[in-house]
Amino acid sequence: MENIDRSKLTIIRLIILLMCAMIIPVSLIAQDMKAGIKGGVNFSNFTSLDNTEDQGNRTGFHAGVFAQLPVSEFFAVQPELTYSTKGTKADYNIAGFEGEAKYNLNYLDIPVLAVFKLGESADIQIGPYVGFLLNKKVETDIISGQFAPDDSFKNVDFGMSAGFALNFDPISVGTRYNYGITKINETEASEAGLSNTRNSNAQIFIAFDLSN
C-alpha cells in the first residue's frame with residue numbers, strides 16, 4: 001500500500017508540473033519556446049543487485065522529443081518523451097549455481113524537468129520522470145525460470161533526473177543521470193535475483209532545437 005501511495009503522489013506531482021507548463025502565457029512561449037529532437041548514448045545498470053560476483057553496464061541509446069517552456073529569464077519547464085534502453089548484465093553464484101544473466105529493458109520515459117538557466121550558454125536540469133516498460137528480455141543460463149522475463153518487472157518506473165547542458169544554438173550537448181526511486185521487481189519469485197533493485201541510467205545526449 002505504501003508503494004502504491006508513493007506512486008500516486010509522484011503522478012500527482014507530474015500532473016501539477018504539466019499544468020504549470022500549460023498555463024504559461026502563450027505570448028511568452030511563442031517568443032522563446034524551444035522544441036525539437038534529442039538522443040544519445042545510455043550506460044545503464046541496476047542498483048542493489050544481490051548475489052552477483054560481477055556486474056557490468058548495458059550500453060544502449062535514447063531518442064525522443066522535447067519542449068522547453070520559459071517561465072522567466074532564468075527558469076524554464078522542460079517536458080520530454082523518450083524511448084530509452086535500460087538494464088544490466090551480471091554474473092551470479094546462487095546456491096552453487098553459477099551463470100550469467102543479461103537484463104534488457106526498454107522504456108518510454110516522460111521526464112518533466114525544472115531548467116535553471118546559467119545565462120544563454122548552459123542549463124542545469126532536474127526533475128521527476130515516469131517510465132513505462134515497453135518490452136523486456138532476460139537471457140540467462142542459470143536456473144530455468146529463476147529470472148522469468150514475463151512477470152518479473154513492474155510496468156511503471158518512477159525516478160529522478162538531474163543533468164547539465166551546454167547550448168550552442170540551435171544545438172545543445174549534455175549529460176544526465178536518472179535514478180529509479182521504486183523497485184523494478186514485480187513478483188516474490190523474482191526477489192532471489194532482483195531483490196531491492198532499481199534502475200540506474202547515465203546519458204550523454206545531443207539536442208536539436210527545431211523551433212526556429
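**View 1. The K86–D109 salt bridge.** K86 and D109 form a salt bridge, with 3.1 Å between the closest N and O atoms; the term denotes a side-chain nitrogen of Lys or Arg within 4 Å of a carboxyl oxygen of Asp or Glu. This pair links distant parts of the chain, K86 belonging to strand β3 and D109 to strand β4, 23 residues apart. Strands (E, at least two residues) are DSSP runs numbered from the N terminus. K86 is buried, at a relative accessible area of 1%, and D109 is likewise buried, at 5%. Buried stands for under 20% relative accessible area, exposed for over 50% and partly exposed for the range in between, using a 1.4 Å probe and protein chains only. The model is predicted, so that local features need pLDDT of at least 70 and side-chain atom pairs count only at pLDDT 80 or more, whereas totals for chains, interfaces and linings use all residues. Residues are numbered from 1 along each chain as its sequence is written, and side-chain values use heavy atoms, with hydrogens and water left out.

**View 2. The salt bridge between E80 and K38.** The structure holds five salt bridges, and one of them joins E80 to K38, with the closest N and O atoms 3.8 Å apart. Because E80 lies in strand β3 and K38 in strand β1, the pair ties together parts that are 42 residues apart in sequence. Both E80 and K38 are buried.

View 3. K137 pairs with E139 in a salt bridge whose closest N and O atoms are 3.3 Å apart. K137 is partly exposed, at 48% relative accessibility, and E139 is partly exposed as well, at 36%. Elsewhere, salt bridges that share partners join K38, E80 and R176 into one network.

View 4. The whole structure contains two cavities of 30 Å³ or more. On a 1 Å grid over the protein atoms alone, a cavity is a set of points where a 1.4 Å probe fits but cannot get out, and lining residues have an atom within 4 Å of a point. Grid points are joined across faces, edges and corners, and a volume is the space filled by probe spheres set on the points. The largest cavity holds about 150 Å³ of space. Its lining comprises 19 residues, of which F66, Q68, N167, S172 and A207 lie nearest the centre. Elements giving two or more residues to this lining include β1 (34-47), β2 (52-70) and β8 (198-209).

**View 5. The second largest cavity.** About 80 Å³ of space lies in the second largest cavity. Its lining residues include K38, E80, K86, D109 and R176. At least two lining residues come from each of β3, β4 (97-118) and β7, and β3 gives the most, with three.

**View 6. The largest nonpolar core.** Nine residues make up the largest nonpolar core: F46, A101, Y103, L105, Y107, L133, V138, F153 and I184. Such a core is a set of buried Ala, Val, Leu, Ile, Met, Phe, Trp, Tyr and Cys residues joined through side-chain atoms within 4.5 Å. β4 and β5 are the elements that give two or more residues to this core, and β4 gives the most, with four. The C-alpha atom of A101 is separated by 5.7 Å from that of K89, 12 residues away along the chain. K89 is found in strand β3 and is partly exposed, with a relative accessible area of 40%.

Technical notes
1 Å grid on protein atoms, 1.4 Å probe; cavity = no way out; pocket = protein on both sides within 12 Å on 5 of 7 lines; lining within 4 Å.
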